[in-house]
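Subject: A structure to look through

Dear colleague,

I am passing on a structure for you to look at, and below it I have written out what was found in it. Please keep the picture open while you read, so that each residue can be located as it comes up.

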Amino acid sequence: MHSVSKLALAGLAASAMQVAAAQDGPAQPVDPVYAKVCTYCHDQGIGPKILGRQLQPAYIEHVVRYGFRAMPSFRPAEIDDKALAGVIQWVSASPADGQK
C-alpha cells in the first residue's frame, strides 16, 4: 500500500472515531481515586459491579470505611474524606455499563 493511501486511510479512521465519540456525547471523567483504588476489583470481576446500581452515599461511605465481606476498610489516612466524597459522587452518579 502506498504511503499516501495509508495516510488517507488513517485519516478516515480518525474521522470516524471522532464522529462516533461526538454521537456518544462527552465522556464523564473517571474519579482519580476510583480509577486508582477501586477499578482493580470492581471493574475486573473480582468484586461486585458497583457502578450504575444507585447505591446510597451513606452505604458507600460505610462500606469504604468499615469494609464488607472481602472488601477491606480504608482509613482516612488511606482515602481522606475529600477523596472519599469524590468516589461516592462517582459511584452514585455513574450509569451501568453500556448506559448513558
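Which residues lie nearest the centre of the largest pocket, and how many residues line it? The lining is made up of 22 residues, and those nearest the centre are H42, P48, I50, V63 and M71. Please bear in mind throughout that this is a predicted model.

The space in this largest pocket comes to about 540 Å³, and the elements that each give two or more residues to its lining are α2 (32-42), α3 and α4 (81-93). Sorted by class, the lining of the pocket has 18 nonpolar residues, two polar ones and two charged ones.

Of the elements, α2 gives the most, namely three residues. The lining of this cavity holds nine nonpolar residues, and neither polar nor charged residues are found in it.

Is R65 buried or exposed? Its relative accessible area is 15%, which is under the 20% cut-off, and therefore R65 counts as buried. The side chain of R65 reaches the backbone oxygen of F74 at a distance of 2.8 Å. If neighbours within four places in sequence are left aside, the residues in contact with R65 are S73, F74, R75, P76, I79, D80, D81 and L84.

Finally, two residues deserve a look for their backbone angles. Most residues other than glycine have a negative phi. Q54, however, is a residue other than glycine with a positive phi near 55°, and it is found in the loop between α2 and α3. R69 is likewise not a glycine and has a positive phi of about 55°, and its place is the loop between α3 and α4. As for accessibility, Q54 counts as exposed because its relative accessibility of 65% is over 50%, and R69 counts as exposed because its value of 77% is over 50%.

With best wishes

Note on methods: Residues numbered from 1 in each chain as written. Predicted model: local features only at pLDDT ≥ 70, side-chain atom pairs only at ≥ 80, totals over all residues. Heavy atoms only, no water. Buried < 20%, exposed > 50% of the residue type's maximum accessible area, 1.4 Å probe, protein only. Polar contact = N/O pair within 3.5 Å; in protein donor to acceptor, adjacent residues only side chain to side chain. Contact = heavy atoms within 4.5 Å. 1 Å grid on protein atoms, 1.4 Å probe; cavity = no way out; pocket = protein on both sides within 12 Å on 5 of 7 lines; lining within 4 Å. Points joined across faces, edges and corners; volume = space filled by probe spheres on them. Helix = DSSP H or I, 4+ residues; strand = E, 2+ residues; numbered from the N terminus. Nonpolar A, V, L, I, M, F, W, Y, C, P; charged D, E, K, R; others polar.
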